[in-house]
Each structure stands twice: as C-alpha cells, then as structure tokens.
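Hello,

Here is the structure you asked to look at. My notes on it follow below.

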Amino acid sequence: MSTEQSAAVKEPSMLQQKEMIAEHFRELSRTGETKKKVVYTFVPGNLTELLLAFDVLPVHPEINALQSAMRQKAGAYIGEAERIGHSEDVCTYVKCDIGMKRLGNVGPTGEVLPKPDLLLLSYTGCFTFMKWFELLRQEYDCPVVMLHTPYQGDGEITPTMTQYMVEQIRQQVIPALEKLTGKSFDEERLRELMRLSARAEDDMVAVLESAKHKPSPIDAYFGGVYYIGPMFTAFRGTQGAVDYYAQLRRECNQRIAAGEGPITPEGTSPKERFRLIVEGPPNWTHFREFWKMFHDEGAVVVASTYTKVGGTYDLGFRHDPTNPLESLAQYCMGCYTNRNLPQRLDMIVKYADEYSADGLLINSVKSCNSFSAGQLMLLREFERRTGKPGGFIETDLVDARYFSAANVKNRIESYLQMIVQKRTAGAASVDLAAAASLVRSLPVINQGGAA
Amino acid sequence: MDSVDQYVARADALYHDVSYRSVAEWKTRTGKKAAGHLPVYAPREIIDAAGMLPVAMHGAGDQVEIIRGDAYFQSYICQLPRSTIELAMSGRLDDIDAFLFPSTCDVIRNLSGMWKMLFPKKFVRYLDLPQNFDRKVAGRFWAGELRHLYADLCALNGTTPSDDALRLSLARFSANRRAVASLMALRASEPWRAPAAEAYLIIRAGDVMPVEEHTAFIEGYLAAAQGADRPMRDYTRVVVTGAFCEQPPLELIRTLERAGCYLVWDDFTVGARFLEGDVSLAGDPIEALAQAFLNQSVKNACVYEPDGKKGEWLVNTVRDTRADGVVFAAPSFCDPALLEQPMLVTALERAGIPHTSFKYAENLGQFQVIREQAGTFSDGLRLWSNA
Ligand code: SF4
Ligand code: SF4
C-alpha cells in the first residue's frame, strides 16, 4: 500500500469517533433550544458518568486548547492572554483557553461554545486546574463546585482519602448537579452508565495492550491520543463508546493477523525498527510533523504515560457499578498524574519489560510542572533499573514558540542512534561473553611459565 | 535588653546558616529529632508536639552554588527545588530527620517523590492540605491526616502522643503568631522603625528557633526597635505580594526600600502567619487545628478560594495598611503566584489601586533594573497621590 493511498485510509473507528465528536459539538451549539445545561470540567478525574446521569453536557477546556493548537489558532489565543496580563511562564493550555474565550469562544467545529452553567473543578493531579477554574469563574461569573482528589503521596489510596472523596461527591457535587438540573440523583442510571464504561474499558485496554505484539499494530502515543479520546471525554458510559472500542479492537486484531503496523497520517508504519515508551504529553502545534519524525525512523511507541492521564485502566481499574461513588473516587485517585513519582517510575519500568521496549523517551513540556518536575530523575532511575537508554526532548503543548523542529529531530535521531549502539554493544558483549566462555573451556596448555 | 543590632546580627547569622548548624546543636542539646518542611504552610504545632524541632526550609537563596541541583530540573522550573536538592546532596540537610512537603504546587509535590527515591532512609510525607473548605467533609479529612502525621512523628521521635502536648504547642504557636502580628503592625504603622529586610530576618529566625524562644526574640526586637531613634523618610508605602514560597534575595528587599518604598505588608514569610489569630484550646486539639486551617487561614495563591471574592483581601490589605500601591514580586516560573496575579490585578484595577510587577529568582545577583522599576513606580505613586 503506497503512502498516499494509505494516508487517505480512514478506518471505520476513525469515522465513528469523528461523528461522535461532531454530534457532541452540535449538541453544545443547540443548548439555546434544548436548554441542556453545560458543565466545564477537566479530563483527569472526570465524572462523566455522573454528569451524563444528569443529562448535562460536559466541555473539557484542555481538549479545546489542544484542538485550537491543531488548527493553528493557539498562537493568537496565547498572544491575547499574554496581552491581557497572563505570564509567559505558565501553562499554555490555560492561556489558550482564556484567549479563545476572549476572542469569541469559537470551538473546534467553528461554532461558538456555550458558556458554562457550572464549573466542576475535578482537582486531580494538577495544581493549575485550580487556578484555571478560578480564572474562568472570574470570566464567566458562574458557580464552581470543588472536588479535591487527594494525591497518592505515599503511593497508596487510604480509606480516609476515599471517604473524603465520596463525601464530597455525595454532599457537594451531586447536590450541585441536582440544583443545576432540577433532577434528583438516579443511582440506578449511574450504575447503568458505569456498566457500559467497564465494557468499553475492557476493549480499550485490549487495544493498548495489543502493542505487546511484534510488530505493534498501534502507536500508543500519537495514535494513542485518538484511542483514548472517547474514553477520556464526554463519551464514557455511552453505547457509542462501547461500539467504538469494540470496533477499534477488531481493527487492531485484523492488523495483528495481517502482521501490520500502526496506521499513521503518512500511511502504515514501515518496518518496526524501534519500540519506545514515551513519557509526557505530546506537542499539538506540530503534531503531524512530530509523529512523522518517529514514523520516518521506524520508531513505534508501544506504551505511553500520557494515555493514562484520564485513568490507569491498564493497571486493572474498571468503573464498578456495584459501588458507584467509591468507584468514581478510586478512578480519580488512580489517574497517572495523581500518582507519586516512584509509582510513575514503577509503571514505566513495568512497561519496558512487558512491551519489550528499547528505551524511554521523555517529551518534557514547558507548560506542565505536574508532568515535568522530576522527569530528569525518572530518566536516570529508568536507565539504572532497566539498563535501557533514555532520551530527553523539550517542547510545549500548544505554544509553537517552544517547538524547534530541527532540534527535536536531531535529538530523536541521536537517541535512536544510541539505541542502535547499545544493541551493537549488547551484541558485542554477548560475543565477548561467548568468547570468554570459549577461552575458559579451552584446555590449559601452559599455566605459568615455570610449570 | 539587647540592641536592635544584636537581634539583627543573631537573625542574620541564622539566615546565613545554610548548613543548619543551629539545628544540629539543638539536637545535641536535647537528644531529639528535627523535622523540616517546605513552604508555604505546614502544621508546625504537630511537629513541636511530637517533641521535634520544626524547621522551615526556604531553599538556599543566593548562598550556595548550584552544582548538582541543576541536573535534576529543567530550565523552566523555579529555583527553590534545585537549591533544596543541592543542600541535601551536599550533606547540609543530614541533621534533618523528617521532611514534610505541603501541597503548595506541583513542583513541591513532585519533589516529595524525588525525596523518597533519593533519601529512602528519611521520613518523607506529602501533606495534602484540603482544597475543599467544607468544615465537616474537609475537617474530617484534614484531622485524619494530622492525626496520622502526629502518630508517625511521635513514633519517629520516641515520644508518646498526648492531647496536653498538642494543646501546649497550639498555645505556643498562637503566642508566636501574635508576636509576628505585632511586628507586622509596627511595619504598617511606623515602617521606618522596623525596616523590611530587618523585620524579614527577625521572622525568618523562627525557621530554625524553637517556637517559645522565637516569640521572646521577636518581642525583644520589637521593644528595641520601638526605642531606637530612626528617621522617618518620605517614602511611598507599598504592599508586596507573590513571594510566599521561593524567597527574594535579601538584597532585593533592601533594594526596594532604597528605591523609596516602605514595604508595609508582604507575604515573604506568610507561612509563619498562615493561620490568623489563636487556635482554640477547647475540645480535641487536632480537630481545633484542622478547623483553624479551614476557617482562619489567610488567602494565598496556593489554596483554593471557595467564595470567589478573589483579591478582596489584597484590596483590604492595601486599605488597612494605608498603602499607595502594590508590587507583584513572583519567582520566575512560579505557577501559583503567576496564575493568581491576573485575578489580583483585576481586583486592584476595580478598586483603582496602582500596581507594578517583576519576577526574580532566589539567587538573583543584579538589582539595578528592579531598583529603577521600583523607583519609577514609587515616583509615580507620589505624583498620583499629589494629583
Ligand atoms: S499544567 Fe499540565 S496537567 Fe495541568 S493543565 Fe497544564 S498541561 Fe494540563
Ligand atoms: S516558587 Fe512557586 S513553583 Fe516554585 S516551588 Fe514555590 S510555589 Fe512552587
């Protein structure tokens, strides 16, 4: 299949996802007529099933920001935010969002986004979230409900943490949604939605884990961000998400059966030469160019941490309808950036082994202290524990000023070169070891001149 | 009574003691352990009640050359964690037995994980301050966390947990906050009597002094300062905010004054006065401390503001201290301070309060630009008030 031909290929799951998103934005644009309420909330630790149980429409500002970057609008939005006094040093998602709002709040589909009726501050794994919604509260003058997700500082979820979360959900979040919608909380409905979530989660994990095959049928970073889309946003708990993941899983299985690699915008990946783990969010302003740098080298990402920010399903978590509020609490606390650094390291080291990866590449983004602070230590510890090479590149999420294509390309190439050298050295050391054992097995002809 | 100079000399020596020799001496004298904590707020009462010395750590300022610390952080992360790592890797924190990392920001949060990996033999605890301010829900959570911390520190130090010990510590810290408040009040009313850099050192001495000693130290300084003959100058009065975690170099504080600004309020050492007023001694002391955090803590960028009256406190502080304007001084790359700033600016602009802003790093060595900026601002304020 030529590159041109395959680039044009859209698998059914892609079209399915595209239509789900389009319909969601159509619904958002019709809230004037439908009177549906709109709740802005964040991806990590989102309570989608609970929101859907109240028939409200979620909006995720991070998604708008990254979509703006992919549509090359982020520069103007960030510029507007900086012009009105936002610091160049802070997370560009926030500035992109504020700038977008100030310049008309036109969403990814070109339609004006409705204002939030409520800000659900699912404060999970990122300090900036708190300030972001304080800023939006000032912009929109609307109520905020805080859901503080305790961090796994000691690498565990304690009963006190769970109780704190459940009480917040029961005593504050649910009453706020009841007040907003005029509906009573229907626990049965929530359970039903969570049942659907768990089904979709099973299939999504199967898709992510398909990367254990050689060659991997997916790219778990660049492709991964599409695969997590419905699960991490407005669709978890819907039949649409169940169907989407079932379809996606079928497509992966077909590629495995055919021995094919991932589908990329440049076509099906050429021969898989490198299997990488990537830590950190992607750059969105040059997403395709960035991906192509990997594609051109035959580098496939077999596991990534970014695809776990909205839930660590691959570690076994499933939404549990038998215990809905506790389960929502556990879900929030388990998200990747809500885990402490030793836990994050353990995950990456485990991936290295389970996915037979050649090494770890960190994309350190300037915006995000939640991800970035401590990454150099992760890199060092990863190398120490696995003996595999680590690489480090620096970009930003949605600020094109911090994406130097030549620099990034150079770093990726040198890193891949390092892997090759390591392989050669590894092979050489195997040869040396074989030679040494051969020498040891040779009959001793002359041990010591005096004998 | 000691003279102002004697108090300041002692505080200055403690400030420059980045090897924490005074902590080592205290440990030798008492046979007990020390617990350090990062900015901004930590429940020092709990450490004290466990019989340990609470040590407030504020990085190394401009006093230590960073050799190892830079290898741990990218260029776009603030300075404080690098110098803290530097102090630890160079053995200067060896005498600190336990480390508490409050949920000030994601950098300090992640530093707690780095600490676990770098120093597996030390006691390391992340303190997840409640960001939900519901008295019942958050009160139960925070009291639970405090109880857990108290039990663990007592076990580490070989002391028996006791409500009486906790109450004694609550009372000691309430007394300390009263003393700090008196010093802040003097700064607001007669700033020439307690220059900003001097008052700063006096409060910072409490980073390492046992609390009762520090309270007496402030009271002694206050008496000496009130009696000292110092001229009042024609300076403008400014409030400084944004510098609550990584600290500005001492020379920067002096520079602001030399540029013609009396700093009638600042948040440099806000951790020492994070709770306002006394903590109740009635009932369960841990509950009392937990409720004090929820009901009596200052407004600060590192905690959530549930009421949405962003910046009202700043406008009130400007009015209460009769300040002419506000200086935003934030560490470069500081998420809490820099994300907060536009909201505070909105509140100031609504109230018609002039402001200026700059960024710094704790190891900044050049002050000319800031001096000129502060001087221009101060001149502008003077013109403004004369107009
Ligand atoms: S700081 Fe990081 S996690 Fe937080 S909003 Fe920005 S990119 Fe997302
Ligand atoms: S200076 Fe700011 S960003 Fe740095 S550790 Fe302190 S609060 Fe966090």
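**Cavities, a pocket and the interface**

By class, the lining of the second largest cavity has 13 nonpolar, five polar and four charged residues. Please keep in mind that this is a predicted model. The space in this second largest cavity comes to about 220 Å³. Its lining is made of 22 residues, and those nearest the centre are B:Leu14, B:Tyr15, B:Gly59, B:Arg204 and B:Asp207. Two or more lining residues come from each of α1 (4-15) and α8 of chain B.

The structure holds nine cavities of 30 Å³ or more. The largest cavity has a volume of about 330 Å³. It is lined by 28 residues, with B:Arg44, B:Ala56, B:Gly271, B:Ala272 and B:Arg273 closest to its centre. In chain B, α3 (44-49), α7, α8 (196-204) and α9 (211-227) each give at least two residues to this lining. Of the elements, α7(B) gives the most, with three residues. Sorted by class, the lining of the largest cavity has 15 nonpolar, seven polar and six charged residues.

Next is the second largest pocket, which holds about 680 Å³ of space. There are 33 lining residues, and the closest to the pocket's centre are B:Trp265, B:Arg273, B:Glu276, B:Val298 and B:Thr317. The elements of chain B that supply at least two residues each to the pocket lining include α7 (163-189), β6 (261-266), α12 (312-320) and α13 (335-351). Here too α7(B) gives the most, with seven residues. The pocket lining divides into 15 nonpolar, nine polar and nine charged residues.

Last comes the interface. On the chain A side 57 residues are in contact with 51 residues of chain B. Between them the two chains bury about 4700 Å², and carbon and sulfur atoms give 57% of that area. A:Phe127, A:Asn369 and A:Met377 supply 14% of what chain A buries against chain B, more than any other three residues.

How many salt bridges are there between chain A and chain B? The count is six. In one salt bridge the side chain of A:Asp154 meets that of B:Arg125, at 3.3 Å from N to O. The side of chain A that touches chain B has 23 nonpolar, 22 polar and twelve charged residues.

Regards

Terms used
Residues numbered from 1 in each chain as written. Chains lettered and ligands numbered in written order. Predicted model: local features only at pLDDT ≥ 70, side-chain atom pairs only at ≥ 80, totals over all residues. Heavy atoms only, no water. Contact = heavy atoms within 4.5 Å. Buried area = accessible area lost by both parts, 1.4 Å probe. Salt bridge = Lys/Arg side-chain N within 4 Å of Asp/Glu carboxyl O. Nonpolar A, V, L, I, M, F, W, Y, C, P; charged D, E, K, R; others polar. 1 Å grid on protein atoms, 1.4 Å probe; cavity = no way out; pocket = protein on both sides within 12 Å on 5 of 7 lines; lining within 4 Å. Points joined across faces, edges and corners; volume = space filled by probe spheres on them. Helix = DSSP H or I, 4+ residues; strand = E, 2+ residues; numbered from the N terminus.
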